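Me: I have a protein model open and would like to go through it with you. Could we start with the whole chain and then turn to some details?

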Amino acid sequence: MNRLKILYLVSTLQKAGPTSQLYYIISNLPANITPVLVTLSQEPAQSRLNDFKALGIKHYQLNLSRLEGVFLAKGKVKSIIEKELPDVIHSQGLRGDVLASKFTDEVPVLCTIRNFPQLDFPMTYGRVIGSIMAYQQIRALRQVSQVCCVSDAVRDNLEKTYNINDAVTALNGVDTLNFYPADSKQKSSLRKTYGINENSNVWISSLGKDNRKNSVTVAAAFKLFLTEYPDDTLIFIGDGQQRGECQKIAAESSQFKFFGKVSNVSDYLRMADYFISASRAEGMPNAVLEAMSCGLPSVLSDIEPHQEIYALNPNGCVTFKTESDTDLYSKLVELVKFDRQCMADATIAVVNQHFSSGTMSKKYQQAYHEVVNSNG
């Protein structure tokens with residue numbers, strides 16, 4: 001097979017879902033594809049830089065502030081391109097996409113889009129700034145050789161909202177060697193370590209930095225659920241705007257546990273029994289895929305990416321009306337009446353078939369070759 005060199009262009013390697021996905025892509029590349037990584041800004045305190053260094057790949061760290069990037073990034077990246085002579089530039093994230101789109105006359109560019117721009121940016125940055133950011137990203141996507149979407153829902157949104165009709169889907173993946181089910185002995189040990197009742201059902205959900213995760217709905221529904229199942233426990237991991245409100249709803253109940261930001265997410269998932277996501281917007285949610293890989297039956301809001309997961313995994317999850325805590329409550333009650341092990345087995349099978357990190361990386365490898373051939 002032809003040898004390729006791919007230049008990956010991202011803002012930073014901050015510990016977050018997109019960085020994990022990038023790591024999965026690169027760590028699963030075959031010997032005939034050489035990665036070169038370019039990061040634009042100084043790494044944050046929570047970074048996966050060392051993980052990428054451990055792969056032994058070439059890395060250029062520009063350490064530019066956002067203001068410096070406006071004036072200096074293009075020239076610095078151009079110098080790297082002239083030195084490395086990549087066959088494809090692969091970008092992800094707004095800054096990476098916008099910058100990569102400036103080199104389409106020199107190198108084929110592939111962009112990964114992980115969001116619904118018209119929803120995610122305004123929800124995170126406010127209506128005015130968010131709308132400007134969405135415009136910038138879509139403008140960049142119109143100029144590149146190939147757009148890869150992390151779900152069919154993201155691809156359909158580009159087509160319906162922005163008339164971008166030639167995007168393809170490369171489903172997000174999950175590292176099944178790190179996220180896997182615990183046996184009863186492991187689960188018991190983890191619960192002892194973290195002070196969780198060994199005999200109750202444990203539910204887990206993510207608190208996001210903004211209100212997209214809709215965690216207040218989760219807390220309100222679980223408070224209702226406790227009236228029928230008072231021994232169950234809800235774990236929140238992560239931190240953000242809604243933590244205080246969720247803690248007020250919990251009203252000092254010992255059945256709610258708030259662990260904040262954690263580095264060992266897989267431990268928390270493995271000691272749980274069920275997963276809840278009430279997200280208002282996602283591309284293809286890493287948290288859900290990681291929970292599924294750990295064998296957790298899930299209750300998911302009925303946004304399109306979750307519906308896409310449900311279509312692949314109807315025996316391993318249920319969906320509820322996104323803004324309805326009462327509907328979520330009823331689905332929690334419904335879920336505990338099912339055979340949990342059968343649901344877990346179905347969930348793991350779906351991950352192995354559709355969402356493994358290796359499968360995702362192969363999809364991108366195919367896209368690289370197709371982009372090069374179409375531009376040859």
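Me: How much of the chain counts as buried?
Reply: Please note first that this is a predicted model. Of the 376 residues of the chain, 56% count as buried.

Me: And how many helices and strands are there in the chain?
Reply: The chain contains 16 helices and 13 strands. Its radius of gyration is 21 Å, close to the 21 Å that the globule rule gives for 376 residues, so the chain is as compact as a globular protein of that length.

Me: What box do the C-alpha atoms fill?
Reply: Taken along the principal axes, the box is roughly 65 × 45 × 35 Å.

Me: What about contacts between residues at least 6 apart in sequence: what share joins residues at least 24 apart?
Reply: That share is 68% in this chain.

Me: And the surface: what area does the chain expose?
Reply: The chain exposes about 16600 Å², and carbon and sulfur atoms supply 47% of that area.

Me: Which residues of H3 are buried?
Reply: They are Gly69, Ala73, Val77, Ile80, Ile81 and Glu84.

Me: What comes just after H3?
Reply: Leu85 is found there, with a positive phi of about 50 degrees.

Me: Back to Leu67 in helix H3. Is Leu67 buried or exposed, and why?
Reply: Leu67 counts as exposed because its relative accessibility is 62%, and the cut-off for exposed is over 50%.

Me: Which residues form a nonpolar patch with Leu67 on the surface?
Reply: Val70, Phe71 and Leu72 form the patch together with Leu67, and the four have about 470 Å² of accessible area together. Leu72 is also the residue at which H3 bends.

Me: New topic: where is Asp156 found?
Reply: Asp156 lies in helix H7, which spans residues 152-162.

Me: How far is Asp156 from Ile348?
Reply: Their C-alpha atoms are separated by 26 Å, and the two residues are 192 residues apart along the chain.

Terms used. Residues numbered from 1 in each chain as written. Predicted model: local features only at pLDDT ≥ 70, side-chain atom pairs only at ≥ 80, totals over all residues. Heavy atoms only, no water. Bend = angle between axes of the 7 residues up to and from the residue. Helix = DSSP H or I, 4+ residues; strand = E, 2+ residues; numbered from the N terminus. Buried < 20%, exposed > 50% of the residue type's maximum accessible area, 1.4 Å probe, protein only. Patch = residues over 30% accessible without salt bridge, like charges linked within 9 Å, V, L, I, M, F, W, Y side chains within 5 Å. Areas by Shrake-Rupley, 256 points an atom, 1.4 Å probe, with all protein chains shown as cover. Salt bridge = Lys/Arg side-chain N within 4 Å of Asp/Glu carboxyl O. Rg over C-alpha atoms; globule rule 2.2 N^0.38 Å. Contact = heavy atoms within 4.5 Å.
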